[in-house]
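Colleague: Before I use this model for anything further, please take me through it and spell out the cut-offs behind each term as you go.

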Amino acid sequence: MDSLLLVSLLNAGIVAVAILGYLLLYPTPAYRGVCLLLVMVITAAVINVLEDQHLSRDWHLISPVFVLGFGPALYLAIKRVTVGPVGHRAWWHFVPMIILLPFTAQTQAIIAIGTLWRVAYALLSVQLIIRFNRHLSQQRSDAAELSLTWLAWLVGLSACFSALDLLRLNMQPELSLQLNMLAYAASTFVFLLVLLFLVVILNHKREGLQAITDSGCNQPSTVAHTLANRKAETGADYQSLFSNLDQQIRQHRWFSLPRLSLHQLSELSCMSTRDISRSINLAGGLSFNDYINRHRIEHIKHTLAADPNTNLTKLAFSAGFSSKATFNQSFKKMTGTTPSAYRCHLVGEGSGSES
């Protein structure tokens, strides 16, 4: 197959995936920024096909300038999910893209600037995700399932591939046309895979992430405020509140509520979210997520001690875990062993005591 035709087919695939992603994600308000990113991807892919097929030979070359736009668009999309609406002032992020539009004939220079721009925004995006994940652990018991760590890796890998593509572009004089086109096709194929993965995972997580946005639990300022006040407070200031909260959680088994959040616990206990957060962090020495999961693990261990043959999956769900993966991860984190190994140990002890 002709390399140019292969690249065009891959760009057509990118357009198809982006359109499908737009249709799937647009109904979710938290993903409106992602949808704008997909519109930019569609536009860039169509222009790439036209330029590659020489249908736009009378136009001014504009495809290189999109490298300057992908970084800001991805950053703003992530900010929309993790923080909330970004406002109209966010358009200043695209000013360099607009300014350099008349100079895109200088392809190598524009892509070099765009790659650096994209790497800078990748770092900003990863920083947003780290802040969001930390905040999430202070707000929800299902933080691990809603974590955007996977997106941070995706952003980093995309930035690395963008840098590699810049290297390919700078080595064009030393590469044969065929080899250069194959490298171009490989780069386009990787972008298609990244886009497909992004759409599939975001669609899978859209209900949980939208619930966070709707409840206002995605505001990182709360974490910053908590950390700032923590310096002036100690666990002793909240020991009484923590003891009362801990007793209520055990007595009413609130920990077994699936996807329990800080706001939900506040309504149940009639305590403010601030007092709950301070007491758990300072007196308990744990994040909200770890604290609730610790109660769940203790309940599971107690149940297994009474009956080691209890079905682990059913037991995990009854204790409040909403996924088997999160249960296994939390159990190993707090006990140092897997649930199955822990149960085998209990069975072995029981056999030894009988003999």
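**From one residue to the whole chain**

Colleague: Is Asn11 buried or exposed, and at what relative accessibility?

Modeller: This is a predicted model, in which local features need pLDDT of at least 70 and side-chain atom pairs count only at pLDDT 80 or more, while totals for chains, interfaces and linings use all residues. Residues are numbered from 1 along each chain as its sequence is written, and side-chain values use heavy atoms, with hydrogens and water left out. Buried stands for under 20% relative accessible area and exposed for over 50%, with partly exposed in between, using a 1.4 Å probe and protein chains only. Asn11 therefore counts as buried, at a relative accessibility of 3%.

Colleague: Which residues does Asn11 touch, leaving aside those up to four places away in sequence?

Modeller: Asn11 sits in helix H1 (residues 3–25), where helices (H or I, at least four residues) and strands (E, at least two) are DSSP runs numbered from the N terminus. A contact requires heavy atoms within 4.5 Å. On that basis, and not counting residues up to four places away in sequence, Asn11 touches Ala45, Asn48, Val49, Asp52, Tyr184 and Thr188.

Colleague: How far apart in space are Leu179 and Ser3?

Modeller: Leu179 belongs to helix H8 and, with 45% relative accessibility, counts as partly exposed. Leu179 and Ser3 are separated by 176 residues in sequence, while their C-alpha to C-alpha distance is 9.3 Å.

**Pocket and cavity**

Colleague: Which element gives the largest share of the lining of the second largest pocket?

Modeller: On a 1 Å grid over the protein atoms alone, a cavity is a set of points where a 1.4 Å probe fits but cannot get out, a pocket is an open set with protein on both sides within 12 Å along at least five of seven lines, and lining residues have an atom within 4 Å of a point. The second largest pocket holds about 420 Å³ of space, a volume being the space filled by probe spheres set on grid points that are joined across faces, edges and corners. Its 19 lining residues include Gly33, Leu36, Leu76, Trp91 and Phe94, which lie nearest the centre, and by class the lining has 14 nonpolar, three polar and two charged residues, where Ala, Val, Leu, Ile, Met, Phe, Trp, Tyr, Cys and Pro count as nonpolar, Asp, Glu, Lys and Arg as charged, and the others, Gly among them, as polar. Six of the lining residues, the largest share, come from H2.

Colleague: Which element gives the most residues to the lining of the largest cavity?

Modeller: Searching the whole structure turns up one cavity of 30 Å³ or more, and the largest cavity has about 80 Å³ of space. Its lining divides into eleven nonpolar, no polar and no charged residues, including Val34, Leu74, Leu148 and Leu209. Elements that give two or more residues to this lining are H2, H3 and helix H8 (177–215). With four residues, the most is given by H3.

**Cysteines and salt bridges**

Colleague: How many disulfides does the structure hold?

Modeller: Cys160 is partly exposed at 48% relative accessibility, whereas Cys270 is exposed, at 70%. With a disulfide taken as a pair of cysteine sulfur atoms within 2.5 Å, the number of disulfides in the structure is zero.

Colleague: Which residues are linked in a network of salt bridges?

Modeller: A salt bridge puts a side-chain nitrogen of Lys or Arg within 4 Å of a carboxyl oxygen of Asp or Glu, and the structure holds seven. Arg140 pairs with Asp142, their closest N and O atoms 2.8 Å apart, and Glu145 pairs with Arg259 at 3.2 Å. Because Glu145 is in helix H6 (residues 143–146) and Arg259 in the loop between helix H10 (239–252) and helix H11 (262–269), this pair ties together parts that are 114 residues apart in sequence. The residues linked in the network are Arg140, Asp142, Glu145 and Arg259.
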